[in-house]
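Subject: Structure handover

Hello,

I am passing on the structure we talked about, together with my notes on it. Please look through the structure first and then read the notes below.

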Amino acid sequence: MQDFPWEFETLAVRAGHTRTSEGEHSEAIFPTSSFVFSSAAEAAARFSGNEPGNIYARFTNPTVRYFQERLAALEGGESCVATSSGMSAILSVMLGLLKAGDHVLCSRSVFGTTTVLLQNYIAKFGVEIGFADLTELASWEAALQPNTRLLFAETPANPLTEIVDIRALAELAHRNNSLLVIDNCFCTPALQRPLELGADIVVHSATKYLDGQGRALGGAIVGDAERVGKDVYGVLRSGGVTMSPFNAWIFLKGLETLSLRMKAHCDNAMQLAKWLEIHPAVEQVLYPGLLSHPQHGLAKQQQTGFGGIVSFVVKGGQEAAWKVIDSTRMLSITANLGDTKTTITHPGTTTHGRLTPEQKAQAGIVDGLVRVSVGLESVRDIQGDLARGLEHGPL
Ligand SMILES: *Cc1c(COP(=O)(O)O)cnc(C)c1O
């Protein structure tokens, strides 16, 4: 990674771009699958690794490199590898860093597909999978094994916004010679930098806030040059889960407004959470910015903002929750998050619908739970749209 002398907001706008001889001001898209060599000797030198440079777009592409260098600068990591989706970022970490006989210890509160990936696919290759309760360090400690190669957590977690102490979890991992991988999707580096807190690797679904406008699928891994720059990059080079240059350009431009957008998401979410908390039809609000959140103090310590996701429990169970959702006219009923447009979902019958009643109870996914990814519309309009269903719900 290049060393830039700039602050976060400047890095988000300027890091990673090398202008071509055309003098373009905005970053260029390079829609090319391969790159040309000046001679057979140069081709040989590039292929052997003796000379740096582009060979083929599955390995490197200048637009993708701009995005990787900018995100590496924002997360404070040596290396970044961009992937075709958030899930292929997680897959690449697992394929690059694990071997048969290793053990992965994963938080129970992670994106549903992450659990499926580990249990149904990674486990097929002789990797043991264990689970721990995100917020309970004792639960992580009890589940550690001598062969635990990596710990995987998402904080804040979806949809209940529980938070783990990254510094403490990193210390625990390192005492066991394990690596800590953090999915930083909910906060983005604008609000939380896990590497500074001791985590070894950060993964992203760029699909969410890094784009921020719901336009493209992408992912990224940030960490040190050896593990991410060599081991994880090798999976991409040979496995091909590469990010397209068109998508890289979208994410690159998304990063330029990341700080501003995250501030606005946080402001709207805070106002919405406070409004919901005193609404008579609402039983509970889960938002790290509220004093009532069990890890509010920790959130204040390790995050510079509380994020854009607000979950709440409506009185009256699933019927009342569905009524709130179906009474909206503006909010989008969709499972995506991190968009300028506010989205609303019922986790119990969508993202977490495949869990058994016992698993749901254990995970805190109650029937009245509604998750809102607060967008950048006027918060008064968001409240107005939610008020309709809440007022008609049972009190
Ligand atoms: C969406 C999401 C993913 C998966 O990302 P895709 O880009 O959809 O593959 C992983 N982790 C979290 C926390 C997510 O929200």
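The notes start with the conventions and the chain as a whole, and then go on to the ligand, the cysteines, the backbone and a few pairs of residues.

This is a predicted model, in which local features need pLDDT of at least 70 and side-chain atom pairs count only at pLDDT 80 or more, while totals for chains, interfaces and linings use all residues. Residues are numbered from 1 along each chain as its sequence is written, and side-chain values use heavy atoms, with hydrogens and water left out.

The chain as a whole

The secondary structure comes to 14 helices and twelve strands. Helices (H or I, at least four residues) and strands (E, at least two) are DSSP runs, numbered from the N terminus. Along the principal axes, the C-alpha atoms fill a box of roughly 75 × 50 × 35 Å.

Of the 395 residues, 56% count as buried. Buried means under 20% relative accessible area, exposed means over 50%, and partly exposed is in between (1.4 Å probe, protein chains only).

The ligand

Which residues surround the ligand? They are S85, G86, M87, F111, E154, D183, C185, S205, T207, K208 and G218.

A polar backbone atom of G86 is 2.9 Å from an oxygen atom of the ligand. For M87, a backbone N or O atom lies 2.9 Å from a ligand oxygen. T207 uses its side chain, where an N or O atom is 2.6 Å from an oxygen atom of the ligand. Taken alone the ligand exposes 380 Å², and the protein buries 92% of that. These areas come from the Shrake-Rupley method with a 1.4 Å probe; for residues, only the protein chains shown count as cover.

The cysteines

How many disulfides are there? The count comes to zero, where a disulfide is a pair of cysteine sulfur atoms within 2.5 Å. C185 is in no disulfide, and the nearest cysteine sulfur, that of C187, is 9.7 Å away. C185 is buried, with a relative accessible area of 7%. C266 is in no disulfide either; the nearest cysteine sulfur to C266 is that of C187, 7.7 Å away. C266 has 10% relative accessibility and so counts as buried.

The backbone

Most residues other than glycine have a negative phi, and most peptide bonds are trans. The peptide bond that joins T155 and P156 is cis, with omega about -5 degrees. P156 lies in the loop between β4 (148-154) and α7 (166-175). The bond from N158 to P159 is also cis, with omega near -5 degrees, and P159 is found in the loop between β4 and α7.

N177, which is not a glycine, has a positive phi of about 55 degrees. Its place is in the loop between α7 and β5 (179-183), and N177 is exposed at 68% relative accessible area. T188, not a glycine either, has a positive phi of about 65 degrees. T188 sits in the loop between β5 and β6 (201-205) and is buried at 1% relative accessibility.

Pairs of residues

R14 is in helix α1 (residues 8-14) and is partly exposed, at 48%. R14 and R70 are 56 residues apart along the chain, with their C-alpha atoms separated by 7.7 Å. D326, in helix α12 (residues 317-326), is exposed at 58% relative accessibility. D326 and E7 are 319 residues apart in sequence and 44 Å apart in space, C-alpha to C-alpha.

Regards

Note on methods: Near = heavy atom within 4 Å. Polar contact = N/O pair within 3.5 Å; in protein donor to acceptor, adjacent residues only side chain to side chain.
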